[in-house]
Amino acid sequence: VGGSAFLPHLPEHFGTYLALTGNRIRQGDCLQTGIATHAIKAENKEKLRRSLIRTGNPETALRGKTINPDYETPEKTRDMIGVLFDSKTLGGCVTRLAAAGVNGSEEAQKLLDLIKTRSPTSLHVTFRQIEDGRDLDMDQCMQMEYRILCRMQENHDFYEGVRALLVDKDNMPVWQPAKIDDITPDMVDAYFASLGERELQLT
């Protein structure tokens, strides 16, 4: 929730990479990209919790406890991400990843193979969400995400993903449509259309 408000602003298209792959990152990547503002050692969590309860002041509670871990993602990989995910279209990213894979980049090929396991519809909607979110404020991003959520719950792929991951646990979802190229602009637009009276109201 709220990813469309901050992922578009991460450096070197790192947010697009995270959105399309779903890869998890650790505190160094979070801190250095700006997702997180502070980092602490795991053993200091309880000490920080007690200090927050006692003082009610995050700045005071964090004093002397913060650390500055570097990226966990290597610089070479970040440079690759910055180039291969620098496209105004999902197809452009896929084409760049494929070309890099053909030219011998095992990492690019692994990323492409991972992306191809995702729902083609979700990939297109996610890419559009990141592009649109770049120019929206937080409230507008939340409204956009709510529209998408409502539409996704009406979509085959949402339930197919739950089935494959949580119910049957076969990790073999059958997406509809099945290919990235099968998704049309009109299909994507439908996820972003106004909900009318059902629009999320933020006051």
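**Fold and interior**

Twelve helices, written 12 in the count, and two strands make up the protein chain; helices (H or I, at least four residues) and strands (E, at least two) are DSSP runs, numbered from the N terminus. Their order along the sequence is α-α-α-β-α-α-β-α-α-α-α-α-α-α. This is a predicted model, in which local features need pLDDT of at least 70 and side-chain atom pairs count only at pLDDT 80 or more, while totals for chains, interfaces and linings use all residues. Residues are numbered from 1 along each chain as its sequence is written, and side-chain values use heavy atoms, with hydrogens and water left out.

Along the principal axes, the C-alpha atoms of the protein chain fill a box of roughly 55 × 50 × 40 Å. Of its 203 residues, 39% are buried, that is, under 20% relative accessible area with a 1.4 Å probe, protein chains only. Among contacts (heavy atoms within 4.5 Å) with a separation of 6 or more, 66% join residues 24 or more positions apart.

The largest nonpolar core has 23 residues, of which Tyr17, Leu20, Leu84, Phe85, Leu90 and Leu97 touch the most other members. Such a core is a set of buried Ala, Val, Leu, Ile, Met, Phe, Trp, Tyr and Cys residues joined through side-chain atoms within 4.5 Å. At least two residues of this core come from each of H2 (14-21), H6 (75-84), H7 (90-102), H8 (106-115) and H9 (120-133), and H7 gives the largest share, five residues. A separate core of eight residues includes Ile148, Met152, Ile183 and Val188.

Definitions and conventions: Buried means under 20% relative accessible area, exposed over 50%, partly exposed in between (1.4 Å probe, protein chains only).
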